[in-house]
Amino acid sequence: MQFDTVIHGGMIATADYTAKGDIGIKDGRIVAVAETLAGGERRIDAGGRIVMPGGIEAHAHIAQESSSGVMTADDYLSGSISAAYGGNSSFIPFAAQQRGQSVDDVIATYDARAARSVIDYSYHLIISDPKPEVLEDQLPRAFARGITSFKVFMTYDLMNLGDGGMLDILTVAREHGAITMVHAENNDMVKWMNRQLADKGLTAPKYHAVSRPELAEQEAINRAIQLAKLVDAPLFIVHVSTEGGAEIVRREKFNGAKLFAETCPQYLALTRQDLDRPGMEGAKYICSPPLRDAQTQDALWHHIAQGTFESVSSDHAPYRFDETGKFLNGKDIPYPKIANGMPGIAARLPYLFSEGVVKGRITLEQFVALSSTNAAKTFGCATKGRIAPGMDADIAIWNPEERVTVTAADQHDNMDYTPFEGMEITGKPEVVMNRGAVIVEHGELKAKEGQGRFVARQPVDLRGKPGYTAKELDPSQNFGAVLR
């Protein structure tokens, strides 16, 4: 066979094994994996390097308005370039529905925005206005197109659907093989805490962490899972930030729930102390759920190693440290008016490799699963996330020993800061490929604007997750048949 490209001499790393070998690529696909392969119009020497599937960033906010109207700093060109420099060959940002907007309009808007991407992409829909026409007509059309996931919120007044709205959404998702993602925080707990702090004049950035208690996340995670179990629908808990929340997820997954979850690097690398930096510097570290403490970091690492989480995602929410982002509502403002989120799409995988694999917290195989393979399985990216014949040639070649210091300039995004500034990292992606095309090579961008393609995704993979049948909805019970 004639190969377009042969990657030779590297240590191939998958979610299941590592072995030295060669990879043959033709027409954008992997067509051969063997101990040695001859030929290739181009031969890439991967000696001393790790060759793994390109990362799949499954949680990012790109060219997206928040519910309060703040636009992220990264569009699909800068955001995809930053993702590629971080070892990713595809991503699934959010496409947000605003109140009164049809899902068809949302998709058309993001199709136009995403046309600039240098890597492959899909969307998770954010649903904030689940009218009957949305549930009965528009969402099924989106599913048919291959958009098989969407996100709902249990907090923020402009986004919170309430428990009944969540049950409606979960039911529609189950019927179409889609998965519902949820931001789980108890809205009333957060609002009550905000009032208490405001009454005492405690409005500096550091009080953001106080305003969103661990209990608010834990209660909402438990409630979201019970709602999903009632209708036996798959559920994905995003950005778990607490030990208690992670433990609830672990317990329910052990009992067979159709449950998936993630955490994020910021909850492993930073603490609430960062919110107490001088002046308004703490605003850089405002995100929700908020940063916690060192004890929580240790617990989250334990859950990562034990398989509680399918992925470690960036939750890249780039708001600049100026009047276009964090301070859209003014400079000296109380923390609830500061734009909520921080960047991290380029730092996600280098941080996880350095702090996870290099420091012995996780294996290389676990790193591959957390960075790519599990996201492909969970979100239906059928031809991505694995190194095997027939798969897209989405590949990242890593130097496992190179040491770098994180700087904002090296993130290649449209941001003016990185929360990981100054951290010492070991391990770096040197070559990143998307469908056989080199998009980043030794620090140089090779990709062209718009070469990324939309990925139509398949239904969620529920193998090994038997789910839960409420007695009241059990078809074997006389009172259950009417409801199923």
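**Ground rules.** Residues count from 1 along each chain as its sequence is written, and side-chain values use heavy atoms, with hydrogens and water left out. Since I'm on a predicted model, local features need pLDDT of at least 70 and side-chain atom pairs count only at pLDDT 80 or more, while totals for chains, interfaces and linings use all residues.

**Largest pocket.** I looked up its volume and got about 970 Å³. A pocket here is an open set of points on a 1 Å grid over the protein atoms alone, where a 1.4 Å probe fits, with protein on both sides within 12 Å along at least five of seven lines; lining residues have an atom within 4 Å of a point. The volume is the space filled by probe spheres set on the points, which are joined across faces, edges and corners. I found 46 lining residues, with Ser66, Ser67, Ser68, Tyr156 and Asn340 closest to the centre. Strand E10 (149-153), helix H5 (187-199) and helix H6 (207-211) each give two or more, and H5 has the largest share with 4 residues. By class I noted 18 nonpolar, 20 polar and 8 charged.

**Second largest pocket.** This one comes to about 350 Å³. Its lining has 19 residues, and Tyr85, Val404, Asp410, Gln411 and Lys428 sit closest to the centre. Helix H11 (348-358), strand E15 (395-405) and strand E16 (424-434) each supply two or more. I put E16 down for the largest share, 5 residues.

Methods. Ala, Val, Leu, Ile, Met, Phe, Trp, Tyr, Cys and Pro count as nonpolar, Asp, Glu, Lys and Arg as charged, and the others, Gly among them, as polar.
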